[in-house]
Amino acid sequence: MAAVLAPSILAANFAPLGADVQETEAGGAAMIHIDVMDGHFVPNITIGAGVTAALREVTKLPLDCHLMIADPDRHLDHFLDAGADMVSVHVEAATHLHRTVNRIRERGAKAGVVLNPATPLSALDAILQEVDFVLLMSVNPGFGGQKLIPSVLQKARTLRRKLDHEAPEVRLEIDGGVTVDNVADVAACGIDMIVTGSAVFGSGDIRGTTERMVRQLAELAERERTC
Ligand code: DX5
Ligand code: ZN
């Protein structure tokens, strides 16, 4: 199955945000990635539940909320109330990770855990059976437009094998530094969901760039299917 695209609105122009999200939806995006930063867990402050609720009004695509916040339990329900379909929290931030991911699922959303580039895969051992997806950061979180860290691709290949053996229903997402030029190579590491921000919303042709990246993913899946 082809990997899907999850454009991150962090790089979008917030004035025509609704229209830009509809552009990428028309280009074939499968979900909208929402980067929530609190200025504590990461050195940047971005989007709250209010923007999530506003986007709920303009798109039917699943809303994928990536919580880069120090105390996710305090704010979790605000994003779920706002209509988040997927919520991911960092293993480096969630003190009560088991409780947190089960709370997300209890509320009917998909629960994900996120690993920073330097966090080893062993951090997943005690929680893997409780989640719907794992998000690997391929940049240090906090900003868009950074270069992908190549060592994370090997980490992704290792995790793909682990998931195939131990938790085949758990999906694999990657986030940071994915562009038109490297999206196929990234997908070839066994990724299911690919976040991309500045490559799409900074391109000047949101719909066209989304279409190009989605087409590359479909062509790769076809090649993998036939080889
Ligand atoms: C970074 C965020 C990413 C970022 C991706 O902390 O989690 O989602 O917006 O943007 P690009 O694709 O520009 O690296
Ligand atoms: Zn993100």
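**Close-up 1. R160 sits in helix 5, residues 151-166.** Helices here are DSSP runs of H or I with at least four residues, strands are runs of E with at least two, and both are numbered from the N terminus. This is a predicted model, where local features need pLDDT of at least 70, side-chain atom pairs count only at pLDDT 80 or more, and totals for chains, interfaces and linings use all residues. Residues are numbered from 1 along each chain as its sequence is written, chains are lettered from A and ligands numbered from 1 in the order written, and side-chain values use heavy atoms, with hydrogens and water left out. R160 has a relative accessibility of 13%, so it counts as buried (under 20% relative accessible area; exposed is over 50% and partly exposed lies in between, with a 1.4 Å probe and protein chains only). Skip its neighbours within four places in sequence, and R160 is in contact (heavy atoms within 4.5 Å) with V170, L172, C189, G190 and D192.

Close-up 2. C189 counts as buried because its relative accessibility is 3%. Again leaving out neighbours within four places in sequence, C189 is in contact with L153, A156, R157 and R160. Take L153: it is 36 residues from C189 in sequence, yet C-alpha to C-alpha the two are 6.5 Å apart.

**Close-up 3. Helix 3 (72-81) and its buried residues.** P72, L76, F79 and L80 are the ones to look for, as they are buried in this helix. Down the helix 3 axis, the buried residues fall within an arc of 95 degrees, so they line one face; the arc is that of the directions from the helix axis to the C-beta atoms. An α-helix has 3.6 residues a turn, so residues three or four places apart point the same way. R74 and D81 are exposed on the other side of helix 3. The cover over the buried residues of helix 3 includes strand 2 (32-37), helix 2 (49-58), strand 3 (63-68), strand 4 and helix 4. Just after helix 3 comes G83, with a positive phi of about 110 degrees.

**Close-up 4. Helix 4 (residues 97-106) and its buried residues.** L97, T100, V101 and I104 are the buried residues of helix 4. Viewed down the axis of helix 4, they fall within an arc of 90 degrees, so they line one face of the helix. Turn to the other side of helix 4 and you find R99 and E106, both exposed. Helix 3, strand 4 (86-90) and strand 5 (110-115) are among the elements that cover the buried residues of helix 4. Just after helix 4, G108 takes a positive phi of about 85 degrees.

**Overview. The whole protein chain, with eight helices and eight strands.** Its C-alpha atoms fill a box of roughly 45 × 40 × 30 Å along the principal axes. Of the 227 residues of the protein chain, 52% count as buried. Look at contacts between residues at least 6 apart in sequence, and 65% of them join residues at least 24 apart.
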